[in-house]
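Visitor: I would like to go through a protein model, one feature after another. Please show it to me, and I will ask as we go.

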Amino acid sequence: MTATSRHTDRTVHRALRREVPSTAAVLADERDFTAMRRYRTFPFDDHDSYLRQMERLLRTLTAQGVLTTLSLFDPAAYETYCAELDLDPDRPESRTRYAAEAARTGATVTYEGEPLSSLLPLLVEEADRRAAWDRATALLARTGNCAECGTDLARAAFARATHAVQQLLASLGDGSHHLVCSIAADGPPLLAVLHATARDGAPPGLTETETLGFCTVLATGLALRAPGGIVARSTTAPTDRATTTADGARDTVRGWSLRDSWLRPLSTAEVFTAYCTDADTGEPVPPEHGVDYAPGLPLTPPPGAHDHH
């Protein structure tokens, strides 16, 4: 082989490498990292060092023009995956196969050269959203049809939830809105987050996946008549400098509880109590500076053939 042909082969190889995407599954927290250390072939001893090495590898691939999809490595799911496929979990090729499967079926983000410290929280948030969506979908699928009128309860609840979210955002008006929906279900509470921004009376800007997940979780609470509610934190243009945040914006917190398969507005005192209470200990926490606590806005239930139940 001549020097010219070898050079051509290397050039073609580098060009072809840029055409082949890469996947990586990362152990995001110390607990998951510790769980993997029980495997003899797992080559890392320190989580911080592992993350630094992972980030170095990702940056190298990015510098080579390789697109890398990042997912979470879940040790418990990995163990189950290996058991189902009769793989030895203490082999690097088994970890490689699981990483590819995690990227195919789980939550992912695209790596674009940013620090892992800023990217991993987004990946964990996406994984939590996917998990809540999956649980809510499974719960909705089990609701079946109404014994009295035959209505598809899941479909009716989703339509009702969509109407509630549309009306809620329209009522909140202009501003940046951060909504959290929490539903009591078997196991941990179902949680969903929705971000919306509206300007000059135009419809709010929404992310399709966030909106679908949020409506699905809310629909689960409506269909099951489960305890739960929504808290909305809205940032709007300042009108009173005494109660504005450091950047000149003003935050208002409102809340609604689920009752009789609909969202009922909370009073100012109820919103204050809910927002200023530690969810784990039940102890009061001091209110934030520059935040107003306001009653939830009234929302009108949609008319429907199933409303009489």
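Visitor: Which residue forms a salt bridge with Arg233?
Guide: This is a predicted model, in which local features need pLDDT of at least 70, side-chain atom pairs count only at pLDDT 80 or more, and totals for chains, interfaces and linings use all residues. Residues are numbered from 1 along each chain as its sequence is written, and side-chain values use heavy atoms, with hydrogens and water left out. A salt bridge is a side-chain nitrogen of Lys or Arg within 4 Å of a carboxyl oxygen of Asp or Glu. For Arg233 the closest N and O atoms are 2.7 Å apart, and the partner is Glu288.

Visitor: How many residues apart are Arg233 and Glu288?
Guide: Helices (H or I, at least four residues) and strands (E, at least two) are DSSP runs, numbered from the N terminus. Arg233 is in strand 6 (residues 228-236), while Glu288 is in the loop between helix 9 (268-275) and strand 9 (291-293). The pair therefore links distant parts of the chain, and the separation is 55 residues.

Visitor: Is Arg233 buried or exposed?
Guide: Buried means under 20% relative accessible area, exposed means over 50%, and partly exposed lies in between (1.4 Å probe, protein chains only). Arg233 has a relative accessible area of 19%, so the word for Arg233 is buried.

Visitor: Which residues are linked with Arg233 in a network of salt bridges?
Guide: Side chains of opposite charge can pair when their charged atoms come close. The network that contains Arg233 also takes in Asp251 and Glu288.

Visitor: How many salt bridges are there by this rule?
Guide: Another of them is between Glu93 and Arg91, with the closest N and O atoms 2.7 Å apart. Glu93 is partly exposed at 40%, and Arg91 is partly exposed at 41%. The count comes to eight.

Visitor: Which helix holds both Arg129 and Glu126?
Guide: The side chains of these two residues meet in a salt bridge, 2.5 Å from N to O. Arg129 is buried at 16%, whereas Glu126 is partly exposed at 21%. Because they are three residues apart, about one helical turn separates them, and the helix is helix 6 (residues 116-141).

Visitor: Which residue of strand 6 is the bridge partner of His178?
Guide: Two strands pair if DSSP finds at least two bridges between them. Strand 4 and strand 6 run antiparallel and are joined by eight bridges. Strand 6 also pairs with strand 7, in the antiparallel sense and over eight bridges. The partner of His178 is Arg233.

Visitor: Which cysteine does Leu218 touch?
Guide: Contact means heavy atoms within 4.5 Å. Not counting residues up to four places away in sequence, Leu218 touches residues including Ala161, Val165, Ile230 and Leu263. The cysteine among those it touches is Cys181.

Visitor: How many disulfides are there by the rule?
Guide: A disulfide is a covalent bond between the sulfur atoms of two cysteines. The rule asks for a pair of cysteine sulfur atoms within 2.5 Å. Cys181, which is buried at 0%, has its closest cysteine sulfur in Cys215, 9.3 Å away and too far for a bond. The count of disulfides comes to zero.

Visitor: Which residue's backbone oxygen does the side chain of Ser94 reach?
Guide: Ser94 is in helix 5 (residues 92-105) and is buried at 4%. Leaving aside neighbours within four places in sequence, Ser94 is in contact with residues including Tyr78, Cys82 and Pro89. Its side chain reaches a backbone oxygen at 2.6 Å, and that oxygen belongs to Asp88.

Key: A polar contact is a pair of N or O atoms within 3.5 Å; within protein, one must be able to donate a hydrogen and the other to accept it, and residues adjacent in sequence count only if both atoms are side-chain atoms.
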